[in-house]
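Below are my notes on the side-chain contacts of this entry. Please read them alongside the model.

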Amino acid sequence: MSENRKPGRKPDQTIDKAPLWLSLFFLALLLIGIAIDEPGRVLEQARQICLSCIGVG
Amino acid sequence: MEFVRKWVQTVAGFLMNGYWLFPWTRNIYQGPLKVLCAPGLNCYSCPAATTCCPLGALQQLLGGVRLAIASGQYFFGWYIVGAMGLMGGFLGRMICGWACPFGFCQELLHKLPSPKFEIPRGLRHLKFAILLLFVILLPLLAVDEFGLGSPWFCKYICPAGTLEAGVPLLILQPGLRETIGFLFFSKFVIMTAFIAWAVMASRPFCRVACPLGAFYALFGKVRAVRLRLDAHKCTNCNACHQVCPMGVKFNESPDDTECIACLACMHQACKFDAISLEFCGLPLTGARGKRLAATEKTG
């Protein structure tokens with residue numbers, strides 16, 4: 001009973017590390033972007049109404 | 001669980017569209033939160049939008065890549081691709097099912113009474129072509145005399161942009177009405193077509209044309225949070241086919257890239273505990289969770 005209640009993995013279950021490595025890779029890309037100030041450029045664009053984007057103008 | 005999901009979708013929609021001063025300012029939100037990347041498709045020119053649309057931002061960066069390099073800035077979309085990939089690596093298309101405002105809109109539209117139709121499965125591949133062509137290649141390669149590319153998907157296709165930004169801004173800023181032309185009307189037709197289609201079929205834009213869904217679908221087999229089928233418990237009763245809003249036949253293809261992990265198959269269909277939710281291979285809910293809950297109830 002107590003074993004059933006205990007959260008966690010069974011002996012035959014292994015952690016799938018692929019999503020974690022993949023997320024780490026994309027985290028690295030994100031940090032590179034931040035390091036070269038890409039968010040500043042994104043913010044600059046997002047603050048303006050993109051007329052062509054919405055089909056106006 | 002469906003009730004919880006609807007609440008999460010509502011809250012996510014409000015978080016991404018939390019600027020409610022726009023009827024008075026008659027303009028879009030221009031604060032610092034707009035540096036954050038929305039997980040779902042949400043036009044950043046929407047007057048209420050508080051975050052930036054990952055697809056719009058990516059196209060703008062790719063379109064301006066030549067000018068950026070010329071000025072010594074290597075803006076290739078690292079930040080946006082990194083943010084999208086991070087979300088995709090953890091949740092994949094679960095974002096479509098739980099945090100995309102446009103997906104939520106389509107779900108609500110589908111509740112309207114009307115004849116319902118299935119979407120041909122072959123059309124699902126179109127969104128990958130749209131991602132490659134309209135979001136990446138055309139903004140990057142089709143440039144004007146100044147070396148500047150256009151956000152092709154936003155400009156020519158995106159119905160979310162027309163619905164969330166085009167129409168509201170025309171209402172808020174009457175001066176813009178004089179500038180509308182063929183482009184706006186063509187996008188308006190696309191938007192109307194998808195709205196009508198969404199009434200008659202489940203999530204047509206997500207299944208056929210959404211490039212953000214296509215990007216997240218690339219993580220279908222490697223995302224951290226995913227549904228798992230216990231083949232020993234599955235009786236192939238096909239009950240999961242009936243409830244899936246994305247037309248996934250879960251017992252036949254449990255790693256289907258279309259799965260938005262809405263959990264309808266797990267909670268509304270499967271009576272045999274054959275479907276469970278896992279994080280990096282470890283069970284979160286489902287068979288074990290239900291057993292634990294039952295054990296706790298009986299003491």
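Is B:Glu278 buried or exposed? B:Glu278 counts as buried because its relative accessibility is 8%, where buried means under 20% relative accessible area, exposed over 50% and partly exposed in between, with a 1.4 Å probe and protein chains only.

1. Basis. This is a predicted model, in which local features need pLDDT of at least 70 and side-chain atom pairs count only at pLDDT 80 or more, while totals for chains, interfaces and linings use all residues. Residues are numbered from 1 along each chain as its sequence is written, chains are lettered from A and ligands numbered from 1 in the order in which they are written, and side-chain values use heavy atoms, with hydrogens and water left out.

2. Salt bridges overall. Over all chains there are 13 salt bridges, each being a side-chain nitrogen of Lys or Arg within 4 Å of a carboxyl oxygen of Asp or Glu.

3. B:Glu278 and B:Arg228. These side chains meet in a salt bridge at 3.2 Å, N to O. The pair links distant parts of the chain, 50 residues apart: B:Glu278 is in strand E2 (residues 275-279) and B:Arg228 in strand E1 of chain B. Helices (H or I, at least four residues) and strands (E, at least two) are DSSP runs, numbered from the N terminus. B:Arg228 counts as partly exposed, at 34% relative accessibility.

4. B:Asp255 and B:Arg226. The closest N and O atoms of this salt bridge are 2.5 Å apart. B:Arg226 also belongs to strand E1 (residues 225-229), whereas B:Asp255 lies in the loop between helix H14 (239-243) and helix H15 (264-269), 29 residues apart. B:Arg226 is buried at 11%; B:Asp255 is partly exposed at 32%.

5. B:Glu107 and B:Arg203. A salt bridge of 2.7 Å, N to O, joins these two side chains. B:Glu107 sits in helix H7 (residues 101-110) and B:Arg203 in the loop between helix H11 (182-200) and helix H12 (204-208) of chain B, 96 residues apart. Both residues are buried. Through shared partners, B:Glu107 and B:Arg203 belong to one network with B:Glu2, B:Arg5 and B:Lys6.

6. Aromatic pairs. The total over all chains is 18; rings of Phe, Tyr and Trp (its six-membered ring) pair if their centres lie within 6.5 Å, and planes under 30 degrees apart count as stacked, over 60 as edge-to-face and the rest as tilted. A:Phe25 and A:Phe26 are edge-to-face, at 5.1 Å centre to centre and 75 degrees between the planes. A:Phe25 is partly exposed at 48%, and A:Phe26 is buried at 11%. A:Phe25 and A:Phe26 form one aromatic cluster with B:Phe215, B:Tyr216 and B:Phe219.
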